[in-house]
Amino acid sequence: MILLTPSRNLKKETNIDYNVLGKILTIVLEHNHKKKIHLNVKIYKSRTSGTSSCYQLTKRNYIVHLDTSKSNHKWLFGSLLHELRHCIQYNLFGVWTDKVHFRTWNDYFYSKEEVDARKMESLTSQVIKLYRSFIKLNKQFRDFELGKLS
């Protein structure tokens, strides 16, 4: 299960339901990896504009500093997917990107970990569609009062 825990300010600023997003990502990633994924990710606003980053606490616990300089869903979801891929790389494959060990920016940019994380970003549009459909479905469920028999 992927548990996304945003700071209060980030949740308010981005207006994203991180519980829904975490459930969608859990279903998609566990199904495709054919393994249970256990990630606890605390998400804070990045203090460096244009830069998102991920820090490993343990094999299951991570901190993500999410760049909110662009407030559209495509940017936010793409950045989050990229950083979550780094978490998955360590959680499932035991690989962690230590930016310090790269001699040049080119070495870092073309490393297998970064290329893989950028591939994860290509899922952004589909994840946004799933997210918006799920939110719409929940709203209709409430509007039709299907939670009770009336």
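**View 1. D143 and K139 form a salt bridge in which the closest N and O atoms are 2.8 Å apart.** A salt bridge here is a side-chain nitrogen of Lys or Arg within 4 Å of a carboxyl oxygen of Asp or Glu. This is a predicted model, in which local features need pLDDT of at least 70 and side-chain atom pairs count only at pLDDT 80 or more, while totals for chains, interfaces and linings use all residues. Residues are numbered from 1 along each chain as its sequence is written, and side-chain values use heavy atoms, with hydrogens and water left out. D143 and K139 both belong to helix α6, where four residues, about one turn of the helix, separate them; helices (H or I, at least four residues) and strands (E, at least two) are DSSP runs numbered from the N terminus. D143 is partly exposed because its relative accessible area is 47%, and K139, at 44%, is partly exposed as well. The terms are set by relative accessible area, with buried meaning under 20%, exposed over 50% and partly exposed in between (1.4 Å probe, protein chains only).

**View 2. A salt bridge joins K45 and E13, with 3.3 Å between the closest N and O atoms.** This pair links distant parts of the chain, since K45 lies in strand β2 (residues 39–45) and E13 in helix α1 (residues 8–14), 32 residues apart. K45 has a relative accessible area of 42% and is therefore partly exposed, and E13 counts as partly exposed at 40%. The structure holds four salt bridges.

**View 3. K36 forms a salt bridge with E30, the closest N and O atoms lying 3.8 Å apart.** K36 is exposed, with a relative accessible area of 62%, whereas E30, at 15%, counts as buried.

**View 4. Helix α2 (residues 18–33) crosses α6 at roughly 125°, and the two axes come within 10 Å.** Axes are lines fitted to C-alpha atoms, for helices over the stretch in contact, and angles run from 0 to 180 degrees between N-to-C directions. The two helices α2 and α6 are therefore oblique to each other, because angles under 35 degrees count as roughly parallel, over 145 as roughly antiparallel, 65 to 115 as roughly perpendicular and the rest as oblique. The crossing of α2 and α6 is right-handed; a crossing has this hand if the near helix is turned clockwise from the far one by less than a right angle, and is left-handed if anticlockwise.

**View 5. The axes of α2 and helix α3 (residues 73–93) come within 13 Å and cross at roughly 45°.** With this angle, α2 and α3 are oblique to each other, and their crossing is right-handed.

**View 6. N15 has a positive phi of about 55° although it is not a glycine.** N15 sits in the loop between α1 and α2 and counts as exposed, at 65% relative accessibility. K34, likewise a residue other than glycine, has a positive phi near 55°. K34 is found in the loop between α2 and β2, and at 70% relative accessibility K34 counts as exposed.

**View 7. A nonpolar patch on the surface is formed by F141, F144 and L146, which together have about 350 Å² of accessible area.** Patches are made of residues with over 30% relative accessible area and no salt bridge, with like charges joined within 9 Å and nonpolar side chains (Val, Leu, Ile, Met, Phe, Trp, Tyr) within 5 Å. Accessible areas come from the Shrake-Rupley method with a 1.4 Å probe, and for residues only the protein chains shown count as cover. F144 lies in the segment after α6 (124–143) and, at 59% relative accessibility, counts as exposed.
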